[in-house]
Amino acid sequence: MTILYTILAILVVIVAYIVINSMRLKKAVTNLTQEQFIEGYRKAQLIDLREPKEFEAGHILGARNIPMTQFNTRHKEIRPDLPVYLYCQNSGRSARAALTLKKKGYSQIYQLQGGFKTWTGKVKSKN
């Protein structure tokens, strides 16, 4: 019976963690469909959070590459007074970056729903 209570307690903690993180994320970033993303990204700072090799293989035209592995030291390159449009491969890295920016006082933060893997618009590549 003790094992059952322990497993139940662990499950409750995991569910609470997921719920709290999703609420924090909803406050930090606005998810945009591809159509909504296209409407606004030309007037914003478009940041690709993927690694350089991923970026060179193909990225949204006009994007600047700030890999997530360098984000904590390079986020100052992003102006807080302009909208920030983030994307990565699946949305995981962009969600973490959005939380970081929110903590630093940025307010206009958007991410591409589904990430680059769902993108069907124009792409630039070095290949």
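**Close-up views of a predicted model**

View 1. Five strands form an open sheet with parallel pairing, arranged in the order β1-β6-β5-β2-β4. Its edges are β1, residues 30-32, and β4, residues 64-65, each of which pairs on one side only. The sheet belongs to a protein with 5 helices and 7 strands.

View 2. Residues 84-87 make up strand β5 and residues 109-112 make up strand β6; the two pair in the parallel sense over 3 bridges. Within this pairing, Tyr85 has Tyr110 of β6 as its bridge partner. Helix α5, which comprises residues 92-103, packs on the sheet and touches both β5 and β6. The direction of α5 makes about 150° with that of β5.

View 3. Glu51 lies in the loop that links β2, residues 45-48, to α3, residues 52-57. Is this residue buried, partly exposed or exposed? Glu51 counts as partly exposed because its relative accessibility is 27%, a value that falls between the 20% limit for buried residues and the 50% limit for exposed ones. Beyond its neighbours within four places in sequence, Glu51 is in contact with Asn65, Pro67, Met68, Thr69 and Arg93. For one of these contacts, that with Asn65, the separation is 14 residues in sequence, and the C-alpha atoms are 7.8 Å apart in space.

**View 4. The chain as a whole, as context for the close-ups.** The C-alpha trace spans about 60 × 35 × 30 Å along its principal axes. Of the 127 residues in the protein, 38% are buried. Among contacts with a separation of 6 or more, 67% are accounted for by residues 24 or more positions apart.

**View 5. The surface and its charged side chains.** The accessible surface of the protein comes to about 8000 Å², and carbon and sulfur atoms contribute 60% of this area. The protein carries 20 positive and 8 negative side chains. The centres of the two sets lie 5 Å apart.

Conventions:
Residues are numbered from 1 along each chain as its sequence is written. This is a predicted model: local features need pLDDT of at least 70, side-chain atom pairs count only at pLDDT 80 or more; totals for chains, interfaces and linings use all residues. Side-chain values use heavy atoms; hydrogens and water are left out. Helices (H or I, at least four residues) and strands (E, at least two) are DSSP runs, numbered from the N terminus. Buried means under 20% relative accessible area, exposed over 50%, partly exposed in between (1.4 Å probe, protein chains only). Contact means heavy atoms within 4.5 Å. Accessible areas come from the Shrake-Rupley method with a 1.4 Å probe; for residues, only the protein chains shown count as cover. Lys and Arg count as positive and Asp and Glu as negative; His and the chain ends are not counted. The place of a charge is taken as NZ of Lys, CZ of Arg, CG of Asp or CD of Glu. Two strands pair if DSSP finds at least two bridges between them. Axes are lines fitted to C-alpha atoms, for helices over the stretch in contact, and angles run from 0 to 180 degrees between N-to-C directions.
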